[in-house]
Amino acid sequence: MNMLHWFCTCPSFVRKHKNGLAFRLFSAFAVSLFLIISLQSLAEIALMKSMLRIPASIQTKMLDLADQANVMIEDGDMDELADWARAQEYYLFVLDENKRPITHRDMHPHFAFKLRYLRPLDTQLDNEVNRPIIGIPLKDGLTIVIQMPYQYHPAKDFPLYFGIIKFVISGLILGLFSWVIAHYLQQPLAKLREVSHKLAQGDFDVKVGEEIGHSVREFSELAHDFDNMTHEIHSLAEKQQRLIRDVSHELRTPLARHNLALHLLRKKVDSEHQHLLDRLESESNEMNELVGEILEFSRLENARYSTKLEAIMLESHCSAQVAQRRVDLKLNQSLEMTATQPIPMAMADPRLVTRIISNLIGNAIKYAGDSAVIQVIVTPYTEQDKEYVAVIVEDDGLGIQEHQLSDIFSPFTRLESARDKQSGGYGLGLAIVKEAMSVMKGKVKAENRKEGGLRISLLFPV
């Protein structure tokens, strides 16, 4: 009764789980096992049919023995025939029509018993090693019967052949099915990787569920969860942008009223206390600048969703910024630009390029020292077989300690020497540079020069 109930419920169980990964893998392994067993059986049968014959060299020897026996029978010397038979490698006799030896040589009882299973020369041998009795007709109705030695039986090498067949067929079938299964599983994973890459680029319109379909339940459920996650990330990103925009607006409104109040207050405060108003105005300007940098950093974090790159000549942008920032140089500082020709066009956003180059030159002016020599170099650059245009801003100042090089591009990171208010800065400048280069699909690297000083390289894709 239980078995009948199982057979009745099995089809519904199969229908329920037929789209599951476990069922698909089990089916594939079951098919591969069936094919391995079937092909091995067919190969072994084909091998036995083709090889279970008396080898051609042995057949030739037996026919030679039959010819020699015919010659001796014609001579009529039975004693010589008996001596000749006794001297052969093979155990043999010449029999009459009644299967009795024509010589007086004694026959082994086991050999006499096996005569009832006498085989012709072209017989199909057994798949086990034995010593079959082969009969070859002679003249006058006589027959020469020869016992084939077991060492010449072709089945003695079958264990080796069968082992090779099993190894080869198993390897081929398992290799084929492994490739099929890997390809079958790799397709949805490749779709997931492709969609996650698009998501990292800011494309929230992708739908993994539509790409993968419903062929495998586990992958379909994963795709559904991935789509839900994409929706949540998009929603959070929009909320973050809206929050930053609203907060900055709310901050700048009281700052504007504060500056207006300071402007009106200047007319009512005597000259002795004007320096206090200057201090308040400076603090207000710093706050306004900080809000602007926070906004710019937040905008850049989300700029990959809307930025459109175009081919530009980087040397012209760098030249314009060098000329513009020369007015900010300290008394003994110098700022020069070098461009290696020819320089290919680079893919970038002109506004971001202007912002980050100005930022790097400004940093060098602030921190490289009162007598710093600052250089801006534009040159072609190759890294890992990929072509770039490198914009290098370097100085001959004190540089940065090696353990701090990896941290200078993090938001709100300021070195110990730059933490005082006199040096300015909020630790967002280089973070903005890194985000801008990421938006433009480029790279930024910082290193200390061997001659002393800091070198920052911007790599723009050609």
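I took a residue as buried when its relative accessible area is under 20%. The model I looked at is predicted.

**Entry 1: overall**

On that cut-off, buried residues make up 37% of the 462 residues in the protein. I counted secondary structure next and got 12 helices and 10 strands. For the surface, I noted that the protein exposes about 28,100 Å², with carbon and sulfur atoms supplying 57% of it. I also looked at contacts with a separation of 6 or more, and residues 24 or more positions apart account for 65% of them.

**Entry 2: nonpolar cores**

I looked up the largest nonpolar core and found that it has 41 residues. Those with the most contacts inside it are Leu 314, Ile 356, Val 391, Met 440, Leu 458 and Phe 460. I then listed the elements that give two or more residues to this core, and the list includes helices α10 (314–325), α11 (350–367) and α12 (429–439). Strands are on the list as well, among them β7 (373–383), β8 (386–395) and β10 (454–461). Which element gives the most to this core? I found α11 in that place, with 8 residues.

I noted a second, separate core of 36 residues, which includes Leu 52, Ala 85, Ile 165 and Ile 169.

I went back to Met 440 for its partners, leaving aside neighbours within four places in sequence. Met 440 is in contact with Leu 309, Met 347, Ala 348, Asp 349, Leu 352, Val 353, Ile 356, Phe 460 and Pro 461.

**Entry 3: Gln 321**

Is Gln 321 buried or exposed? I recorded Gln 321 as buried, because its relative accessible area is 6% and the cut-off is under 20%. With neighbours within four places in sequence left aside, Gln 321 is in contact with Thr 354, Ile 357, Ser 358 and Ile 361.

**Entry 4: a surface patch**

I found a nonpolar patch on the surface formed by Val 31, Phe 34, Leu 35, Leu 39 and Leu 42. Together these residues have about 450 Å² of accessible area. Leu 42 counts as exposed because its relative accessibility is 55%, and exposed means over 50%.

**Entry 5: aromatic rings**

I searched the whole structure for aromatic pairs and got 5. One of them, Tyr 91 with Phe 111, is edge-to-face, at 5.0 Å centre to centre with 80° between the planes. I placed Tyr 91 in strand β1 (residues 91–95) and Phe 111 in helix α5 (residues 109–114), so this pair links distant parts of the chain. The two residues are 20 residues apart. Tyr 91 counts as partly exposed at 26% relative accessibility, whereas Phe 111 is buried at 1%.

Why is the pair of Phe 93 and Phe 111 tilted? I noted that the ring centres are 5.5 Å apart and the planes are at 50°, so the pair is tilted. Phe 93 is in strand β1, 18 residues apart from Phe 111. I have both Phe 93 and Phe 111 down as buried. Ring pairs link Tyr 91, Phe 93 and Phe 111 into a cluster.

**Entry 6: salt bridges**

I counted 11 salt bridges in the structure. I looked up Asp 328 and Arg 325, whose side chains meet in a salt bridge at 2.8 Å, N to O. Asp 328 is partly exposed at 39% relative accessible area, and Arg 325 is buried at 17%.

Next I took Arg 326, which forms a salt bridge with Glu 336, the closest N and O atoms being 3.8 Å apart. Arg 326 lies in the loop between α10 and β5 (334–339) and Glu 336 in strand β5, so the pair ties together parts that are 10 residues apart in sequence. I recorded both as partly exposed, with Arg 326 at 37% and Glu 336 at 44%.

Last, I looked at Arg 455 and Glu 394, which form a salt bridge with the closest N and O atoms 2.8 Å apart. Arg 455 is in strand β10 and Glu 394 in strand β8, so the pair ties together parts that are 61 residues apart in sequence. Glu 394 is buried, with a relative accessible area of 6%. I also found that a network of salt bridges links Glu 394, Glu 447, Arg 449, Glu 451 and Arg 455.

Definitions and conventions: Residues are numbered from 1 along each chain as its sequence is written. This is a predicted model: local features need pLDDT of at least 70, side-chain atom pairs count only at pLDDT 80 or more; totals for chains, interfaces and linings use all residues. Side-chain values use heavy atoms; hydrogens and water are left out. Patches are made of residues with over 30% relative accessible area and no salt bridge: like charges are joined within 9 Å, nonpolar side chains (Val, Leu, Ile, Met, Phe, Trp, Tyr) within 5 Å. Accessible areas come from the Shrake-Rupley method with a 1.4 Å probe; for residues, only the protein chains shown count as cover. A salt bridge is a side-chain nitrogen of Lys or Arg within 4 Å of a carboxyl oxygen of Asp or Glu. Buried means under 20% relative accessible area, exposed over 50%, partly exposed in between (1.4 Å probe, protein chains only). A nonpolar core is a set of buried Ala, Val, Leu, Ile, Met, Phe, Trp, Tyr and Cys residues joined through side-chain atoms within 4.5 Å. Helices (H or I, at least four residues) and strands (E, at least two) are DSSP runs, numbered from the N terminus. Contact means heavy atoms within 4.5 Å. Rings of Phe, Tyr and Trp (its six-membered ring) pair if their centres lie within 6.5 Å; planes under 30 degrees apart count as stacked, over 60 as edge-to-face and the rest as tilted.
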